[in-house]
Amino acid sequence: MLQGKQKRAQETRQRILVAATNLFNEGNFNAVSTESIAEQANVSKGTLFAHFGDKLGLFAEIGLKELKTCVDSCQEAAKSSPLNGRDLLNQSLMEILEYFENQPEFLRIFIDVAGWEKGIRAENFVNVAISIDTLFQSIVERGQQDKSIRPIDPKLGAVSVRAFMIHVAIGRVCGEYKDTQEQHAEVQKLLSLVL
């Protein structure tokens with residue numbers, strides 16, 4: 001009996017995630033209401049709140065999942081890429097920055113989530129941050145092997161790259177950089193300071 005309830009709860013949760021993802025992809029975060037999500041998922045608002053707490057929690061979960069998919073894709077592509085470490089790091093960084101540029105509302109939430117200390121959102125954020133650092137660290141190590149990246153503690157290099165990523169993403173979303181090329185140039189300048 002318990003397995004049946006758990007299965008229905010997972011199916012309901014998945015319906016809510018699919019409905020919310022579709023609606024968020026059609027409009028921005030503020031334009032999507034919890035009522036419209038619940039209606040499209042064919043659940044009550046109370047059920048939506050029971051699963052995700054609030055619209056922010058739902059949006060954060062979707063965004064973290066999508067960002068993790070982006071990072072995993074970069075990690076997989078890195079395995080067979082012929083690029084040297086520096087170029088591969090730049091390519092991976094730009095792909096993640098593109099995600100943030102396409103999801104500016106999620107960038108704000110990503111930064112907010114970084115300050116949460118407890119709960120599933122905090123755990124999900126930590127897992128995504130670790131996957132980003134793992135990606136960057138493996139690429140820094142590769143770059144050190146092929147001599148395209150100067151010697152530095154790879155873990156420190158990875159954390160530095162993540163900090164640059166957030167800095168540049170905020171700058172792009174806020175209009176500090178007028179286009180992707182300007183953002184790309186800023187990334188290159190920042191990376192050259194450390195790597």
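So, valine 43: not counting residues up to four places away in sequence, this residue touches Thr12, Arg15, Ile16, Ala38 and Leu48, where contact means heavy atoms within 4.5 Å. This is a predicted model, so to speak of local features we need pLDDT of at least 70, side-chain atom pairs count only at pLDDT 80 or more, and totals for chains, interfaces and linings use all residues. Residues are numbered from 1 along each chain as its sequence is written, and side-chain values use heavy atoms, with hydrogens and water left out.

Where does valine 43 lie? You'll find valine 43 in the loop between helix H2 (34–41) and helix H3 (45–52); helices here are DSSP runs of H or I, at least four residues, and strands are runs of E, at least two, numbered from the N terminus. Valine 43 is buried, at a relative accessible area of 15%. The cut-offs: buried is under 20% relative accessible area, exposed is over 50%, and partly exposed is in between, with a 1.4 Å probe and protein chains only. If you look across to arginine 121, 78 residues apart from valine 43 along the chain, their C-alpha atoms are separated by 22 Å.

Okay, charges next. Side chains of opposite charge can pair when their charged atoms come close. How many salt bridges does a search of the whole structure find? The search gives 8, a salt bridge being a side-chain nitrogen of Lys or Arg within 4 Å of a carboxyl oxygen of Asp or Glu.

One of them joins aspartate 133 to arginine 162, with the closest N and O atoms 2.6 Å apart. That pair links distant parts of the chain, since aspartate 133 sits in helix H7 (residues 119–145) and arginine 162 in helix H8 (residues 154–173), 29 residues apart. Aspartate 133 is buried at 16%, while arginine 162 is partly exposed at 22%.

Then there's glutamate 186 with lysine 189, closest N and O atoms 3.4 Å apart. Both are in helix H9 (residues 180–194), 3 residues apart, about one turn of the helix. Buried or exposed, glutamate 186? Buried, at 15%, whereas lysine 189 is exposed at 53%.

Glutamate 182 and lysine 178 also meet in a salt bridge, 3.8 Å from N to O. Here glutamate 182 is partly exposed at 30%, and lysine 178 is exposed at 64%.

Last up, cysteines. The structure holds 0 disulfides, a disulfide being a pair of cysteine sulfur atoms within 2.5 Å. For cysteine 70, the nearest cysteine sulfur belongs to cysteine 74, 4.6 Å away. Cysteine 70 is buried at 14%, and cysteine 174 is exposed at 62%.
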